[in-house]
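Please study the chain shown here before reading on. The paragraphs after it are meant to be read with the structure in view.

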Amino acid sequence: MEENFRDSIGTITEEGKRNWIFPKKPSGRYYDYRKYVSYFLLIFLIAAPFVKINGHQFLLFNVLDRRFNIFGVPFWPQDFHLVVVSMIIGVIFIALFTVAYGRIFCGWMCPQTIFLEMVFRRIEYWIDGDRGAQMRLAKAPWTGKKIRKRVLKWIIFFIISFLIANVFLAYLIGSDQLISYITDGPMEHLGTMVPLLIFTGVFYFIFAWFREQVCIIACPYGRLQGVLLDNKSIVVAYDHKRGEGENGRKKFRKNEDREALGHGDCIDCLQCVNVCPTGIDIRNGTQLECVNCTACIDECDHIMESIDKPKGLIRYASEDEITHKNKFKFTPRMKGYTAVLVVLIGVLIGMLFMRNEVEANILRLPGQLYERKENNIISNVYTYKLMNKTTKDIENVSFELMSHNGEIKMVSQDKFTVPAEELTEGTLFIEINASALNGDKDKLKIGVYSGEKLIETTVTQFLAPRSYN
């Protein structure tokens, strides 16, 4: 049997030029399932920045102002450790998912795939037609009909790219701010409008021209899968045992006994290649470009049904299942990833439960030493910062020494209010009798109270003369 495995990227010609992909319009049960998942995720993506919970945007990632809302819960720079743990959990989850199920995320949940396959390509099929019509149009001269189709498609692509850029802007600056900018008019906010148009151009470039090259060239996940996948990973796979037989694949002929001739069930119709959005031949095995979109499964099942053969020549399977008939098992590597994932999720849940509603920091004023006062009193000056992470004002806030006998004197009023989701700053003095100190650097424990209720504790350092050790 002649081997025909390639050693180059399918989207590049032998001359090194772009090999434009014209995939056939997919159809079938997996494609229908993908549409349901994609439309749900699209609705979620578009709606999330405009949904409010307790007055908070459902999802907000305002990097400039360092304000983040996740599922309606506000997070602040002081909660950055939670973000780090969450990112580590996400990386391990993706690794575990890839080890077990290959690049199913790419084909079913990746925004790049969803926008390209379920939005832009569907518009392209509507305007330019299916694979054959698109190829003929690409080769046709620039007639009035071709110009109209191209201009219509480009305008629609630009409008959708502009809308996508606005949605992503709502995640960054907040939906209320975005709506305010829109009602004020673009000329009032040129500093925002120019970056918005730049991002629109980037999205347009990606979905109108760069397309599958993102998955092949730009996305690091495609490279990562080569490290994570093994023979036990479930991927979109061609059953070469069944498809090739003893004497390889062969074109279909009616009333021919293929089994007696030693030929496999693959009739070399190339429909799995024609429908592939990255232009690969899945019969060459798992490849870098494959995003597990299942288009080849639907197309091959349709062909098998047409020639009265069992479906599943291309299916979700592992190499071990195809070669040795081994069913999927939870390998030690998967168990290791799972154990780490469970531990980290437990840590994150614990940290979320222990997350304080008020963040207090009391620091000595830089460059200031202690001050001696009457009756053997030592005084230090401090600045305090109180971050209210809740949606309600915290009233009657005061400080009390918990570790030493002493007095806290506020520069302004003794009790004050910390507004909801705001940072309150000020200055205070701590005065302690030298006889109550243990050395020249004592650690003080300070309680933050709202009325009679202790809402937070913090630790700071108190300086005193060395002679008082």
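This is a predicted model: local features need pLDDT of at least 70, side-chain atom pairs count only at pLDDT 80 or more; totals for chains, interfaces and linings use all residues.

Residues are numbered from 1 along each chain as its sequence is written, and side-chain values use heavy atoms, with hydrogens and water left out.

The secondary structure of the chain comprises 16 helices and 16 strands. These elements are DSSP runs numbered from the N terminus, with helices (H or I) of at least four residues and strands (E) of at least two. The chain is more spread out than a compact globule, because its radius of gyration is 32 Å, well over the 23 Å that the globule rule gives for 469 residues. The radius is taken over C-alpha atoms, and the rule is 2.2 Å times the number of residues to the power 0.38. Along the principal axes, the C-alpha atoms fill a box of roughly 110 × 60 × 40 Å.

Of the 469 residues, 45% count as buried. Buried means under 20% relative accessible area, exposed means over 50%, and partly exposed lies in between (1.4 Å probe, protein chains only). Residues 24 or more positions apart account for 67% of the contacts with a separation of 6 or more, where contact means heavy atoms within 4.5 Å.

The next subject is the largest pocket. It holds about 1,400 Å³ of space. A pocket is found on a 1 Å grid over the protein atoms alone, as an open set of points where a 1.4 Å probe fits, with protein on both sides within 12 Å along at least five of seven lines; lining residues have an atom within 4 Å of a point. Grid points are joined across faces, edges and corners, and the volume is the space filled by probe spheres set on the points. The lining consists of 28 residues, of which F44, L59, F61, F71 and F105 lie nearest the centre. Two or more lining residues come from each of α1 (29–47), β3 (59–62), α2 (80–101), α4 (111–128), α6 (144–173) and α16 (332–354). Which element gives the most to this lining? It is α2, with nine residues. By class, the lining has 25 nonpolar, three polar and no charged residues. In this scheme Ala, Val, Leu, Ile, Met, Phe, Trp, Tyr, Cys and Pro count as nonpolar, Asp, Glu, Lys and Arg as charged, and the others, Gly among them, as polar.

In an unreviewed entry, UniProt places the feature "transmembrane region" at residues 39–60, 80–101, 154–173, 193–210 and 336–354. Such positions are given in the numbering used here, feature names are shortened, and annotations may be inferred rather than shown by experiment. In the model, residues 154–173 are 100% helix and 0% strand, with end C-alpha atoms 28 Å apart. The span 193–210 is likewise 100% helix and 0% strand, and its end C-alpha atoms lie 24 Å apart.

Several single residues complete the picture. R18 is found in the segment before α1 and is partly exposed, with a relative accessible area of 21%. R18 and Q213 are 195 residues apart along the chain, yet their C-alpha atoms are separated by 9.8 Å. Setting aside residues up to four places away in sequence, R18 touches T11, T13, W209, F210, R211, E212 and Q213.

E422 lies in the loop between β13 (416–418) and β14 (423–433) and is partly exposed at 43% relative accessibility. Apart from its neighbours within four places in sequence, E422 is in contact with L386, M387 and N388.

Two residues other than glycine have a positive phi. D308, with a phi of about 60 degrees, is in the loop between α14 (295–306) and β7 (314–317) and counts as exposed at 71% relative accessibility. N396, with a phi near 55 degrees, belongs to strand β11 (residues 394–401) and counts as partly exposed at 44%.
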